[in-house]
Amino acid sequence: MTETRQATPHAMEDRPLAGHPHPRRPFHWKLYICEMVAMAVMMVCGIVSVALLTTPLTSVGRVLALHPLVQTALCGLFFGLSGTIAAFTPFGRVSGAHLSPSISVAFSLAGRLRSIDLCGYVVAQMAGACLATFFLAELGGIWPFWGRMAHVSSYAATVPFSGVAILWPLMTETLLTLFLVLLVCRLAAHPLLKWITPWAGGLYFLICNPISAWLSGNSSNLARSFGPALFSDQWGGFWIYVVGPFAGASLAIWVLRSNLLGRIDLEEARLVNFGHHGRVPSLWHPGQPHTKGPKPSSQCSEENK
């Protein structure tokens with residue numbers, strides 16, 4: 001999830017993640033921790049929604065089983081909206097709620113995220129997905145009914161369809177991520193449509209899931225696939241969730257850099273800026289910065305892709 005923020009006379013001057021870090025503060029731990037928590041929120045909401053919509057243990061699941069296309073579309077919608085929920089939490093507002101290694105890689109390739117912060121974000125996303133799935137697995141031991149639901153739904157694991165050559169699920173993940181990144185970047189850069197950006201995932205997967213989810217599960221997100229695979233032990237063809245999304249994100253940035261879709265200025269995926277030393281505003285008062293850092297130099301200012 002991304003959203004741009006216009007500079008105002010009262011806004012804290014920002015040192016972008018793309019710029020040179022302060023020599024004594026190279027890491028942005030608060031951003032990584034917030035990203036981890038936001039990722040965990042998304043995964044909990046997403047896995048629960050898929051379990052409710054797909055298992056025959058619920059009345060909703062039994063009804064939707066008669067309408068598989070509707071069921072698949074709703075799974076995409078609600079898992080995507082889980083990202084929206086995570087983005088609007090105080091944690092997502094601070095980190096920018098990338099919520100996917102694919103999005104973080106795209107920002108890094110676009111020059112909006114340093115390599116060290118890319119690693120921090122990806123590790124945070126993987127950890128958040130694993131913690132969320134672990135929490136739901138432990139909850140199954142306390143609440144047996146949920147335990148059965150989680151087991152039947154395989155924690156919303158994504159598995160390539162075995163009835164076709166693996167090339168087709170790989171192409172699905174690549175193209176799915178390509179168009180997702182293009183959509184997010186285009187909306188985030190549009191002055192009138194950028195408010196839609198946090199909602200884009202739900203709308204996107206609502207449309208795409210009935211078309212291609214049967215091929216690969218429509219992940220486009222390594223962390224989203226890794227957590228459920230770890231606890232459902234479904235690793236068949238898992239490598240496509242590494243290669244496909246990263247290839248798609250890379251292709252998307254190439255398309256944007258080539259200006260094939262016109263000029264698109266990509267800003268950092270943060271709703272809250274932080275200052276020169278990597279400080280972020282108070283978690284519970286995101287509109288009030290702690291301090292005002294120095295004005296970024298041209299070397300650290302936002303650039304066009």
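Hi everyone, let's start at the largest pocket: 40 residues line this pocket, and F79, T158, G217, N218 and R224 lie nearest its centre. A pocket here is an open set of points on a 1 Å grid over the protein atoms alone, where a 1.4 Å probe fits, with protein on both sides within 12 Å along at least five of seven lines, and lining residues have an atom within 4 Å of a point. This is a predicted model, where local features need pLDDT of at least 70 and side-chain atom pairs count only at pLDDT 80 or more, while totals for chains, interfaces and linings use all residues. Residues are numbered from 1 along each chain as its sequence is written, and side-chain values use heavy atoms, with hydrogens and water left out.

The volume of the largest pocket is about 860 Å³, taken as the space filled by probe spheres set on grid points that are joined across faces, edges and corners. Helices α1, α3, α8 and α9 each give two or more residues to its lining. By type, the lining has 17 nonpolar, 22 polar and one charged residue. In that count, Ala, Val, Leu, Ile, Met, Phe, Trp, Tyr, Cys and Pro are nonpolar, Asp, Glu, Lys and Arg are charged, and the others, Gly among them, are polar.

Now the overall fold. The protein has eleven helices and zero strands; these are DSSP runs numbered from the N terminus, with helices being H or I of at least four residues and strands E of at least two. Of the 305 residues, 52% are buried, meaning under 20% relative accessible area with a 1.4 Å probe and protein chains only. Among contacts with a separation of 6 or more, 81% are between residues 24 or more positions apart, a contact being heavy atoms within 4.5 Å.

What sits inside? The largest nonpolar core holds 55 residues, and M39, M42, M43, I47, L99, W146 and V181 touch the most other members. Such a core is a set of buried Ala, Val, Leu, Ile, Met, Phe, Trp, Tyr and Cys residues joined through side-chain atoms within 4.5 Å. Helix α1 gives the largest share, twelve residues. V181 is in contact with I103, A106, A249 and A252, leaving aside neighbours within four places in sequence. There is also a second, separate core of six residues, including V184, Y204, F205 and C208.

Let me point out L136, in helix α6. L136 is buried, at a relative accessible area of 1%.

S220 sits in the loop between α9 (200–216) and α10 (222–232), and S220 is buried at 4% relative accessible area. Its contacts beyond four places in sequence are S100, S102, E173, L176, T177, L180, F205 and P245. K194 is in the loop between α8 and α9, and K194 is buried too, at 16%.

Finally, charges. How many salt bridges does a search of the whole structure find? The search finds one, where a salt bridge is a side-chain nitrogen of Lys or Arg within 4 Å of a carboxyl oxygen of Asp or Glu. The side chains of D117 and R114 form this bridge, at 2.8 Å from N to O, and both residues are buried. Thanks, everyone!

Technical notes: Buried < 20%, exposed > 50% of the residue type's maximum accessible area, 1.4 Å probe, protein only.
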